[in-house]
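I opened this entry to keep track of what I looked up in the model. The notes follow the helices, then single residues.

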Amino acid sequence: MTSGPGVVSAVVKFGGGLLRREGAFERVAEALAACGGGRPFLVVPGGGPFAETVRDQGRQLRIDAGTAHWMAILGMDQYAHALASRIRRAALVVGEQDIAGALAAGRIPVLAPYHWLRAADPLPHSWDVTSDSIAAWVAGALGAARLILLKPVAGDPMKLADPYFPRALPPGVECQVVAPDDLEALDRALGDGGSDEG
């Protein structure tokens with residue numbers, strides 16, 4: 001079930017790759033806090049090193065694809081906890097009702113997606129599905145108009161996102177990639193009217 005249009009205007013995926021660029025995590029966290037001020041958006045964590053650990057250990061331990069899928073999403077939950085602790089006025093949320101409550105309280109919701117995804121199980125259990133596709137599914141479930149992927153470099157989302165992403169992105173949801181060296185693009189994308197092509 002969805003909460004219908006208007007729960008959030010945008011979903012912002014905070015990519016784990018930003019942790020590999022010096023200072024990017026702090027700059028982006030600060031920019032998101034500055035964008036908060038009443039604009040209804042949801043932060044979805046990437047997987048980053050948390051999911052990479054699952055990928056590496058999964059090979060060593062010969063973990064099946066279904067188990068690895070859920071372990072990687074639990075890795076996203078870990079990153080969500082880190083983001084919620086570092087973004088001013090953020091609140092950790094686990095589902096649709098929590099998101100509305102956080103927004104009503106003037107907070108920036110940061111999604112720990114495991115419980116919601118485990119209940120819905122909407123996506124294939126494959127490494128072709130990463131947090132990009134998960135964020136796209138969440139955007140559709142919440143009726144968001146825009147999906148913003150925060151990544152180390154900007155570019156075409158269809159080339160920079162995971163292989164499943166073109167199928168996961170709902171029709172009519174605008175998507176762009178924003179890099180930490182152009183955070184004004186984030187502010188514009190979260191504004192009332194616009195998105196940048198990118």
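I take helices (H or I, at least four residues) and strands (E, at least two) as DSSP runs, numbered from the N terminus. The model is predicted, so I kept local features only at pLDDT of at least 70 and side-chain atom pairs only at pLDDT 80 or more, while totals for chains, interfaces and linings use all residues. Residues are numbered from 1 along each chain as its sequence is written, and side-chain values use heavy atoms, with hydrogens and water left out.

**Helix 2**

I looked up the end of helix 2 and found that Arg62, just after the helix, takes a positive phi of about 55 degrees. Helix 2 itself covers residues 48-61, which is 14 residues. From first C-alpha to last, helix 2 reaches 20 Å, close to the 20 Å expected at 1.5 Å a residue; the expected span is 1.5 Å times one less than the number of residues.

Which residues of helix 2 are buried? I noted Gly48, Ala51, Val54 and Gly58, where buried means under 20% relative accessible area, exposed over 50%, and partly exposed in between (1.4 Å probe, protein chains only). They lie on the same side of helix 2 because they cover an arc of only 130 degrees around the axis; the arc is that of the directions from the helix axis to the C-beta atoms. An α-helix has 3.6 residues a turn, so residues three or four places apart point the same way. Gln60 and Leu61 are exposed on the face turned away from the buried side. Helix 3 is among what covers the buried residues of helix 2.

I also checked Asp56, which lies in helix 2. Asp56 is partly exposed, with a relative accessible area of 39%. Its C-alpha is separated by 22 Å from that of Pro152, 96 residues apart along the chain.

**Helix 1 against helix 3**

I find that helix 1 (residues 24-36) and helix 3 (residues 65-86) pack at an angle of about 65 degrees, with axes 10 Å apart. Axes are lines fitted to C-alpha atoms, for helices over the stretch in contact, and angles run from 0 to 180 degrees between N-to-C directions. Phe25, Glu26 and Ala29 of helix 1 meet Tyr79, Leu83 and Arg86 of helix 3, contact being heavy atoms within 4.5 Å.

Phe25 is buried at 8% relative accessible area. Not counting residues up to four places away in sequence, Phe25 touches Phe14, Leu18, Leu19, Tyr79, Leu83 and Arg86. From Phe25 to Gly15 I have 9.3 Å, C-alpha to C-alpha, at 10 residues apart in sequence.

**Helix 4**

In helix 4 (residues 96-104), the buried residues are Glu96, Ile99 and Ala102. They are on the same side of helix 4 because their arc around the axis is only 120 degrees. Gln97 and Ala104 are exposed on the other side. The buried residues pack against strand 2 (41-45), strand 3 (90-93), strand 4 (108-111), helix 5 (114-120) and helix 6 (131-142).

**Positive phi in loops**

Most residues other than glycine have a negative phi. I noted Arg89, in the loop between helix 3 and strand 3, with phi near 65 degrees. Arg89 is partly exposed at 38% relative accessibility. Asp121, in the loop between helix 5 and helix 6, has phi near 45 degrees and is partly exposed at 37%.
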